Amino acid sequence: MSQPANFNGAAPKIDPANAAMLLIDHQSGLFNTVRDLNVRELRANAVTLAKIATLAKMPVITTASVPQGPNGPLIPEIHEAAPHAQYVARKGQINAWDNPDFVAAVKATGKKQLIIAGTITSVCMAFPAISAIAEGYQVFCVIDASGTYSKMAQEITLARIVQAGAVPMDTAAVCSEIQQTWNRDDAAEWAKAYELIFPEYQLLIESYTKARQVEHDGEQLDSERA
């Protein structure tokens with residue numbers, strides 16, 4: 001097994017105070033090529049990353065590949081969920097890391113950890129992830145917030161990025177590692193973020209909220225009615 005790169009013996013965990021979120025090429029045209037994931041879920045996961053980065057006050061950088069062409073525009077929900085996100089235009093480079101403005105924006109954050117998701121997984125996510133690792137960054141790749149042509153392509157890419165030293169993760173794990181605790185004033189907002197990943201979680205929250213309301217209001221249970 002390859003070891004995560006650039007951690008120097010430290011646990012390969014996300015440090016919310018030292019991380020930036022890179023959301024690369026989540027474009028409507030490219031989403032039409034995705035076959036390894038349900039596109040609705042992929043879209044929700046990408047937006048969730050933007051939302052939790054906002055909650056954590058984490059820098060967000062976005063970019064798109066030829067957005068005026070067939071690859072299509074970035075899905076608008078990302079910047080709606082992260083109004084502070086910085087968009088970097090590229091001049092045709094396929095690997096975002098080959099664009100000097102993109103790299104300058106990443107370096108300007110001062111963060112040493114990068115959480116990367118991108119469509120297509122094998123290109124838009126993998127290429128900059130491998131490049132950033134080579135420059136000394138600790139990199140986490142969010143597999144279910146990226147998408148590619150086939151399950152085989154996903155698996156090959158996963159092997160490649162792990163070999164390069166990246167840490168593969170899923171969206172829910174990224175959320176939890178950044179959130180760290182439910183004992184926080186904005187816990188309800190984090191719960192809403194999880195609802196985007198798995199809508200069934202909303203049912204749990206509704207049940208819990210109702211139970212607390214019954215307790216608070218002293219509501220009589222149906223089973224106790226005459």
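This is a short chat about how one predicted protein model is put together.

Reader: What kind of model is it, and how are residues numbered?
Author: The model is predicted: local features need pLDDT of at least 70, side-chain atom pairs count only at pLDDT 80 or more, and totals for chains, interfaces and linings use all residues. Residues are numbered from 1 along each chain as its sequence is written, and side-chain values use heavy atoms, with hydrogens and water left out.

Reader: How many helices and strands does the protein have?
Author: Nine helices and six strands. Both are DSSP runs numbered from the N terminus: helices are H or I with at least four residues, strands are E with at least two.

Reader: What does the C-alpha trace span?
Author: About 75 × 40 × 35 Å along the principal axes.

Reader: And how much of the protein is buried?
Author: Of the 226 residues, 48% are buried. Buried means under 20% relative accessible area, exposed means over 50%, and partly exposed is in between (1.4 Å probe, protein chains only).

Reader: What share of the contacts joins residues 24 or more positions apart?
Author: Such residues account for 77% of the contacts with a separation of 6 or more. Contact means heavy atoms within 4.5 Å.

Reader: On to the inside. Which residues have the most contacts in the largest nonpolar core?
Author: Met21, Ile115 and Val174, in a core of 38 residues. A nonpolar core is a set of buried Ala, Val, Leu, Ile, Met, Phe, Trp, Tyr and Cys residues joined through side-chain atoms within 4.5 Å.

Reader: Which elements give two or more residues to this core?
Author: Strands E1, E4 (113–118), E5 (138–142) and E6 (167–169), plus helices H2 (39–55), H7 (171–179) and H8. H2 gives the most, with eight residues.

Reader: What does Ile115 touch?
Author: Leaving out residues up to four places away in sequence, Ile115 touches Ile14, Ala19, Ala20, Met21, Leu22, Met58, Phe140, Val142, Val174 and Ile178.

Reader: Trp97, then. Which ring pairs link it into a cluster?
Author: Ring pairs link Trp97 with Phe102 and Tyr137. The structure holds five aromatic pairs. Rings of Phe, Tyr and Trp (its six-membered ring) pair if their centres lie within 6.5 Å; planes under 30 degrees apart are stacked, over 60 edge-to-face, and the rest tilted.
Author: Trp97 and Phe102 are edge-to-face, 6.3 Å centre to centre with 75° between the planes. Trp97 and Tyr137 are edge-to-face too, at 5.7 Å and 75°.

Reader: Which parts does the pair of Trp97 and Tyr137 tie together?
Author: Trp97 lies in the loop between E3 and H4, and Tyr137 in the loop between helix H5 (121–134) and E5, so the pair ties together parts 40 residues apart in sequence.

Reader: Is Phe102 buried or exposed?
Author: Buried, at 0% relative accessibility. Trp97 is buried at 7%, and Tyr137 is buried at 7%.

Reader: New topic. How many salt bridges are there?
Author: A search of the whole structure finds 10. A salt bridge is a side-chain nitrogen of Lys or Arg within 4 Å of a carboxyl oxygen of Asp or Glu.

Reader: What does Asp25 pair with?
Author: Arg90, with the closest N and O atoms 2.9 Å apart. Asp25 sits in the loop between E1 (19–24) and H1 (28–31), and Arg90 in the loop between E3 (86–89) and H4 (100–108), so the pair ties together parts 65 residues apart in sequence. Both Asp25 and Arg90 are buried.

Reader: And Glu189?
Author: Glu189 bridges to Lys192, closest N and O atoms 3.5 Å apart. They are three residues apart in helix H8, about one helical turn. Glu189 is partly exposed at 30% relative accessibility, and Lys192 is partly exposed at 44%.

Reader: Where does helix H8 meet H9?
Author: Ala191, Tyr194 and Glu195 in H8 meet Tyr201, Gln202 and Ile205 in H9. By class, that contact has four nonpolar, one polar and one charged residues. Ala, Val, Leu, Ile, Met, Phe, Trp, Tyr, Cys and Pro count as nonpolar, Asp, Glu, Lys and Arg as charged, and the others, Gly among them, as polar.

Reader: At what angle do the axes of H8 and H9 cross?
Author: Roughly 145°, and the axes of H8 (187–197) and H9 (200–217) come within 6 Å. Axes are lines fitted to C-alpha atoms, for helices over the stretch in contact, and angles run from 0 to 180 degrees between N-to-C directions.
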